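Dear colleague,

I am handing over the structure we spoke about, and I would be glad if you could look through it alongside the notes below.

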2 protein chains.
Amino acid sequence: MSIIYMDNAATSWPKPPEVSEAMVNFMKKTGANPGRSGHRLSIEAGRVLYEAREAVASLLGIKNPMQVVFTLNVTEALNLALLGLLEPGDHVITSSMEHNSVSRPLRYLEEKGVELTIVQCSSTGHLEPQDVRTAVRANTRMIVLTHASNVIGTLLPLKEVGNIARECELIFVVDAAQTAGCYPIDVSELNIDLLAFAGHKAMLGPQGTGGLYVAESVKLSPLKRGGTGSRSEFDIQPEFLPDQFESGTPNTVGVAGLGAGVRFILEQGVETVRRHEVLLTKRLLDGLNEIEGVTIYGPLQAEEQAPVVAFNINGLEPSDVGFALDRRYGIMTRVGLHCAPWAHRTIGTYPRGTVRLSLGWFNTTQDVDYVLEAIAELCRQGHHGFVEY
Amino acid sequence: MSIIYMDNAATSWPKPPEVSEAMVNFMKKTGANPGRSGHRLSIEAGRVLYEAREAVASLLGIKNPMQVVFTLNVTEALNLALLGLLEPGDHVITSSMEHNSVSRPLRYLEEKGVELTIVQCSSTGHLEPQDVRTAVRANTRMIVLTHASNVIGTLLPLKEVGNIARECELIFVVDAAQTAGCYPIDVSELNIDLLAFAGHKAMLGPQGTGGLYVAESVKLSPLKRGGTGSRSEFDIQPEFLPDQFESGTPNTVGVAGLGAGVRFILEQGVETVRRHEVLLTKRLLDGLNEIEGVTIYGPLQAEEQAPVVAFNINGLEPSDVGFALDRRYGIMTRVGLHCAPWAHRTIGTYPRGTVRLSLGWFNTTQDVDYVLEAIAELCRQGHHGFVEY
């Protein structure tokens with residue numbers, strides 16, 4: 001049975017062949033520690049890192065590649081943004097569609113004395129910018145927002161909220177886990193101060209990569225301190241980018257792959273990627289809409305969402321549906337709460353969860369049609385189809 | 001010109017072919033996010049992670065593989081150990097041979113009210129265990145020690161200091177960046193509570209891997225919070241290992257490579273690796289000792305050190321020597337302060353630094369002889385040899 005992979009919101013697969021090639025090339029020919037030693041392999045490793053920074057900067061409208069900080073994953077980038085800025089007594093505004101990578105650090109900070117407002121979104125995940133403005137207080141320091149829900153794909157109004165942040169002189173933090181690489185983003189246009197990205201999702205890099213764009217104006221404290229290969233003579237952390245936030249040996253091999261992934265996207269053009277994924281999402285939504293017994297969650301408008309579609313089959317448990325899709329049809333999905341209990345409460349699917357189909361550049365219309373057929377078959381069979389399990 | 005790589009203390013190179021193979025295999029055949037989705041690829045990714053935990057546990061005498069936490073690098077592991085435990089008012093004891101990955105977090109904690117004692121080592125990097133015992137106070141909470149100096153290789157007396165830690169009921173943290181993979185370590189025998197390891201040095205994994213062994217008795221706070229794929233229904237961090245400390249998508253492809261690297265070492269036997277490297281270190285020390293104009297730093301006893309040798313050529317700058325070794329002879333070294341200003345002050349080479357030769361499993365006696373010949377030639381030429389630059 002061939003694999004139909006629709007779990008791209010967790011991690012994208014497959015990757016362009018260039019990604020593995022860049023990684024193997026690094027492992028075999030370069031291998032060295034960047035920015036530490038002065039020899040030719042070390043200099044070459046430094047070049048690999050820098051070229052990846054350039055690619056990411058180009059993708060996200062970042063002027064200076066040195067403002068791109070690489071981290072283990074987008075979760076680390078978000079922790080760095082939140083813990084590196086918020087102090088007891090500060091107020092922070094967020095949405096009810098956030099992933100645990102935002103909600104868990106915020107709940108922790110709340111315990112330490114940070115005040116938190118969670119602006120309620122609609123059951124389709126839409127956020128009303130005016131509700132954000134209303135939540136602003138004298139001690140508000142930051143707005144942190146996901147760009148697109150990882151559960152139902154809804155795009156949040158970054159432009160409007162970015163304007164509010166600028167007017168009210170608040171720091172604007174964006175979780176672009178689901179959009180960087182598959183949706184056009186320009187950090188300056190959107191007034192974003194800190195943007196966290198996942199390297200291994202739509203940016204098509206390997207797992208172990210992510211990062212944070214840090215605007216020059218933001219004074220952030222590091223999460224970690226240690227060897228940076230720079231200012232070795234001091235036992236205090238250097239205060240320039242990106243070294244301040246990249247202590248210890250970086251994941252150079254992973255970043256080599258990420259650079260190749262992002263360059264692949266830049267070659268296609270991010271608008272082309274977006275068009276392809278909107279087309280597939282529309283086909284999927286339209287098809288699901290016609291299957292009796294399916295409930296779809298989210299905006300149900302491909303243009304208003306990232307290529308993520310959540311659904312349930314009436315009368316069946318999401319976990320049973322996911323299991324059957326995998327076992328009988330070779331379709332990879334993610335079921336349950338998707339590390340986003342706030343979002344599931346917002347859309348009314350807590351604690352049962354949903355089945356999530358998430359599309360990527362390498363999915364085809366044939367994949368979508370096959371998945372629709374499989375879901376229709378499961379619906380027709382209903383409970384009877386599960387007797388064998 | 002072929003490359004003679006003697007910068008293994010920064011990162012090991014080359015790696016066993018199995019490492020790249022495991023990584024490519026993961027990229028091409030598995031690719032999925034471990035512990036998140038329930039489908040077959042996700043389960044397979046979880047298995048890759050677990051098998052790497054088992055290999056690391058086996059290498060380091062750790063009973064339960066779930067006590068192995070993977071991090072971006074050893075620096076993150078050390079930050080987790082230090083920041084996750086030390087509170088204002090606590091006292092911590094360390095040595096004067098530490099890397100900036102220990103000294104920079106400790107200086108930061110000192111600013112926050114943690115008391116710090118740096119026990120002075122000798123100019124060969126030796127630590128007197130009695131000096132550690134003398135430093136213990138009523139509020140002492142932790143001893144943190146490097147296992148071997150990254151500058152001159154000196155092995156610190158873990159056994160004796162571990163006993164002191166146990167007797168005084170202190171938490172014992174070990175930085176095994178230079179020894180995990182090339183020197184036998186048993187965390188129980190040495191009374192180690194937290195052991196930080198680098199995946200990409202002697203453990204032969206790729207960059208982007210490292211980790212922390214966490215004893216069951218230690219109550220550590222995480223550095224980062226976020227999605228763990230577990231207890232998705234809660235917006236607070238789960239409190240079990242390893243999930244508590246592994247928020248966000250792990251570097252599964254890197255850990256796949258690390259698992260392969262560690263299994264390679266287990267197949268050779270870590271004692272065999274150690275014997276090979278002692279032999280090479282001895283040959284290097286003996287040879288350098290015979291070259292007029294060379295000053296060697298450290299114990300000058302291969303059995304008492306990790307395979308790291310620091311030297312200078314009288315009258316020449318370390319950076320010039322490193323440059324010439326690279327350019328003329330294809331020999332990769334690391335010059336300068338090696339992110340360890342405390343250690344260089346201790347051995348009397350601050351701020352000039354040294355040239356460091358660090359050996360690995362794939363170095364041969366031929367490599368050592370070639371390097372010795374190159375250094376002898378540079379010494380014979382002295383300043384005259386550098387006119388061309």
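This is a predicted model: local features need pLDDT of at least 70, side-chain atom pairs count only at pLDDT 80 or more; totals for chains, interfaces and linings use all residues.

Beginning with the two chains, 74 residues of chain B are in contact with 74 residues of chain A. On the side of chain B that touches chain A, several elements supply at least two residues each, namely the helices α1 (17-30), α2 (40-60), α3 (74-83), α4 (100-111), α7 (252-268), α9 (318-329) and α10 (341-347), together with the strand β12 (334-336). Of these, α4(B) gives the most, with seven residues.

Turning to chain A, the domain assignment gives domain 1, made up of 4-13 and 270-386, and domain 2, which covers 17-268. The C-alpha centres of these two domains of chain A lie 27 Å apart, and 31 residues of domain 1 are in contact with 31 residues of domain 2. On the side of domain 1 of chain A that touches domain 2, at least two residues each are supplied by α8 (270-289), β10 (308-313) and α10 (341-347), and α8(A) gives the most, with six residues. The residues on that side of domain 1 of chain A divide into 15 nonpolar, eleven polar and five charged.

With best wishes

Definitions and conventions:
Residues are numbered from 1 along each chain as its sequence is written. Chains are lettered from A and ligands numbered from 1 in the order in which they are written. Two residues are in contact if their C-beta atoms, placed from the backbone, lie within 7 Å. Helices (H or I, at least four residues) and strands (E, at least two) are DSSP runs, numbered from the N terminus. Domain bounds come from an automatic or database domain assignment. Ala, Val, Leu, Ile, Met, Phe, Trp, Tyr, Cys and Pro count as nonpolar, Asp, Glu, Lys and Arg as charged, and the others, Gly among them, as polar.
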